[in-house]
Amino acid sequence: MVKNELSDHHDHHDSHAFRFLSIERSARTGGQLWTEEVVEVDGGLLRRLVSMDGKPLTPGQQASQERRLEQLANDPEEFSQINEKRQKDEARVRKVLELMPREFLFRYDGQENGCRRIDFRPNPAYHSVSFEDRVVHNMAGVVEIEEPSMRLCAVRGHLVKTVDFGFGLLGHITQGSGFTLDRTQIEPSVWRSTLLKTHFYGAFFFFKSISRSQHTIRRDFQPIPANLNLKQAVALSKPSATP
């Protein structure tokens, strides 16, 4: 499964592109429920906000979105900066996948939702090399794998104990923090993440409280031409546009 997921990211990242609807509540949305039209382009995701807390944007808000997207289409550097965090998150996910066979012990636990269910827990023989590595290594949970394609259906994990760093003086992430990720096959050889839930709690930098909570649903995937430029993506992000 790990080999297939890493290979798919490398081989198909630029050859399959989609437009989809994203419904998210997170720190990025200021705690509001945002519905966005999203277009995949080389270098990231172009987002058009279409409603907040279930209410369509006012004409003034729509005009503001048009101005923002027009400015973004003319400034690729700004677009890259906006997507830089996402690219770093993707790199972390790839690293976790690469280390997964060594970081955890696995146990077959039947079938769920048409996928093979496998429990995982920390491997005591593995030695973490960084704080992020320690956080991942101290998780337990469930991986679901679709057969026979051997693709990731879902993964759910939670911290089995609080993880301190700087001997606890600089901060910690508390026991029970965790995440849920669901993936769906949307074309014969293409899978995309359709649900992401995170809840990480703790304190950083001398007891400054943190709470990283996110709930994102992605749906209504539509294939679009690969390698669109930003101006083309802006036009395609309009709800009435046809791929």
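I began with the surface of this predicted model, and noted that the accessible surface of the protein chain comes to about 13700 Å², with 55% of it belonging to carbon and sulfur atoms. I then looked up burial and found that buried residues make up 41% of the 243 residues in the chain.

**Overall form.** I counted the secondary structure next, which for the protein chain comes to five helices and 13 strands. The radius of gyration is 20 Å, close to the 18 Å that the globule rule gives for 243 residues, so I recorded the chain as being as compact as a globular protein of that length. Taken along the principal axes, the box filled by the C-alpha atoms is roughly 55 × 50 × 30 Å. For the contacts with a separation of 6 or more, I noted that residues 24 or more positions apart account for 48%.

**Charges.** I looked up where the charges sit on average, and the mean positions of the 33 positive and 32 negative charges of the protein chain turned out to be 4 Å apart.

**Cores.** Which residues have the most contacts inside the largest nonpolar core? I found M1, F120, V143, V155 and L159, in a core of 19 residues. At least two residues of this core are supplied by each of α3 (76–103), β6 (115–122), α4 (131–137), β7 (139–146) and β8 (151–159). I followed V143 in particular and, leaving aside its neighbours within four places in sequence, I listed its contacts as M1, M100, R116, R117, I118, F120, L152, A154 and V155.

**The loop between β7 and β8.** I checked the backbone here and found that a cis peptide bond joins E147 and P148, with omega about 10°; P148 has its place in the loop between β7 and β8. M150 lies in that loop as well, and I noted that its phi is near 55°, a positive value in a residue other than glycine. Is M150 buried, exposed or partly exposed, and what is its relative accessible area? I recorded M150 as partly exposed because its relative accessible area is 30%, which falls between the 20% and 50% cut-offs.

**Strand β13.** I also looked up D220, which lies in strand β13 (residues 208–224) and has a positive phi of about 60° although it is not a glycine.

Methods: Residues are numbered from 1 along each chain as its sequence is written. This is a predicted model: local features need pLDDT of at least 70, side-chain atom pairs count only at pLDDT 80 or more; totals for chains, interfaces and linings use all residues. Side-chain values use heavy atoms; hydrogens and water are left out. Helices (H or I, at least four residues) and strands (E, at least two) are DSSP runs, numbered from the N terminus. The radius of gyration is taken over C-alpha atoms; the globule rule is 2.2 Å times the number of residues to the power 0.38. Buried means under 20% relative accessible area, exposed over 50%, partly exposed in between (1.4 Å probe, protein chains only). Contact means heavy atoms within 4.5 Å. Accessible areas come from the Shrake-Rupley method with a 1.4 Å probe; for residues, only the protein chains shown count as cover. Lys and Arg count as positive and Asp and Glu as negative; His and the chain ends are not counted. The place of a charge is taken as NZ of Lys, CZ of Arg, CG of Asp or CD of Glu. A nonpolar core is a set of buried Ala, Val, Leu, Ile, Met, Phe, Trp, Tyr and Cys residues joined through side-chain atoms within 4.5 Å.
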